[in-house]
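Hi there,

Here is the structure I promised to pass on to you. My notes on it follow below.

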Amino acid sequence: MSRSSTSSASTAVEQDRPAGGRNSGGGVRPARRLTALVVALLSVFAVGMATPAVADQGGDQGADQAQAAPLKGDPSIWPKPNIVETNLSATQSEQMVGDCPLYHLCVRNQEADGLWSAYALYYCLPDGQYYELTNFTGTVYAQNSQDVAVRLLRADNSEVDRIGALTGKDVYWNPVWKIDLC
């Protein structure tokens, strides 16, 4: 490009700008920034919603093994249980579940960083509402210190397993999405 065509192109751009050389007013830049911000926020929201739980819904466990497994996040339960302890050693979480307070269901699961979380569920929810699990995987011991059995449910509310009253057992958490405490 010749020097004269470069200067005429820059002169045309300068003529479109107000005095002072800045884009003052609601020009293109603020609209682009707003658009970029909205796209970024929607992307973050979409990624967060893409994998709400790492659980098997009862399908074939061997299917699609070539597909990469999603990264496991920290386990959580909603609504928030009566007692929640995070960043525990395996021994500390085992002790909390083993010493489960009367009238509670105590469960634990490993966090993404290798530490453990432990929970003591106490409050009964209204009929048809359940404690919802996220990122509970593997086979881990749970203790039911209530005088009623606890039902462990799939995403469609069908029963996967149950823990009898005043007893504990190893639970395979992958297909479990919900807990019916009462």
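A word on terms before the sheet: helices (H or I, at least four residues) and strands (E, at least two) are DSSP runs, numbered from the N terminus, and two strands pair if DSSP finds at least two bridges between them. Please keep in mind that this is a predicted model, in which local features need pLDDT of at least 70 and side-chain atom pairs count only at pLDDT 80 or more, while totals for chains, interfaces and linings use all residues. Residues are numbered from 1 along each chain as its sequence is written, and side-chain values use heavy atoms, with hydrogens and water left out.

Five strands make an open sheet in the order 1-5-10-7-8, and their pairing is antiparallel. The edges are held by strand 1 (76–78) and strand 8 (159–163); each has a single partner strand, so one side of each is left without a neighbour in the sheet. Strand 7 (residues 150–153) and strand 8 run antiparallel and are joined by four bridges. Within that pairing, R151 has R162 in strand 8 as its bridge partner.

**Salt bridges**

I counted a salt bridge wherever a side-chain nitrogen of Lys or Arg lies within 4 Å of a carboxyl oxygen of Asp or Glu. That rule gives five salt bridges. For burial, buried means under 20% relative accessible area, exposed over 50%, and partly exposed in between (1.4 Å probe, protein chains only).

D180 counts as buried at 15% relative accessibility, and R151 as partly exposed at 22%. R151 also forms a salt bridge with E159, where the closest N and O atoms are 3.7 Å apart; E159 is partly exposed at 33%. Together, R151, E159, R162 and D180 are linked in a network of salt bridges.

Another salt bridge joins the side chains of D161 and K169 (2.8 Å, N to O). Here D161 is partly exposed at 22% relative accessibility, and K169 is partly exposed at 27%.

**One more spot to look at**

L102 sits in the loop between helix 3 (90–98) and strand 3 (105–110). With a relative accessible area of 52%, L102 is exposed.
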